[in-house]
Amino acid sequence: MEYYKQNKVSSCTANDDGTYEGVVSGSSDESYSVHVDMEHPRKSTCNCPLANCKKVICKHIVAVSLCVDVSEAECFKNEKTLYASEEEERRTKKYYKYMSYAKCMSQRELREAYVELMIELEEIRLKEKYGK
Ligand SMILES: [Zn+2]
């Protein structure tokens, strides 16, 4: 996930209402403006060809949502659970964060996101294995 942070998301700032603005660079030189609503993922927008004016959660929206500090996310404000470790707490928060997105995606969108992530993962592994 660090990959998104370093190479794709060039900025991610919080608004007062708990939503986020981000800029993500696309596959070529263009970059997209992304608005992320953590509480209502369907209200998130991106001006890339895939998501523009459609209620589609594209990979740019996902990338910005990954950069949002989970502890600040609105959906966890009422969560008062005791965790065995910080690691477990982090993982649980991440689980709910991604799940709230997954719930809003159609089966087709989920398949596409899954494939995208698998490709990204493989690329990262290849880079680690052979260097850049
Ligand atoms: Zn997009």
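A word on the model before we start: it is a predicted one, where local features need pLDDT of at least 70, side-chain atom pairs count only at pLDDT 80 or more, and totals for chains, interfaces and linings use all residues. Residue numbers start from 1 along each chain as its sequence is written.

Let's take the overall layout. The chain has four helices and four strands, meaning DSSP runs numbered from the N terminus, with helices being H or I of at least four residues and strands E of at least two. Along the sequence they come in the order α-β-β-β-β-α-α-α. Of the 132 residues, 20% count as buried; that label needs 20 or more other C-beta atoms within 10 Å of the residue's own, with C-beta atoms placed from the backbone.

Now to the core. What is the size of the largest nonpolar core, and which residues have the most contacts inside it? It has 18 residues, and Val 34, Ile 61 and Val 64 have the most contacts there. Such a core is a set of buried Ala, Val, Leu, Ile, Met, Phe, Trp, Tyr and Cys residues joined through C-beta atoms within 7 Å. Two or more residues each come from β1 (9-14), β2 (19-25), β3 (31-37) and α2 (59-67), and α2 gives the largest share, five residues.

That helix deserves a look: eight of the nine residues in α2 are buried, among them His 60, Ile 61 and Val 64.

Finally, Val 34. Leaving out residues up to four places away in sequence, Val 34 touches Gly 22, Val 24, Cys 46, His 60, Ile 61 and Val 64, where contact means backbone-placed C-beta atoms within 7 Å. Thanks, everyone!

How values were computed: A residue is buried if 20 or more other C-beta atoms lie within 10 Å of its own, exposed if 12 or fewer, and partly exposed in between; C-beta atoms are placed from the backbone. Two residues are in contact if their C-beta atoms, placed from the backbone, lie within 7 Å.
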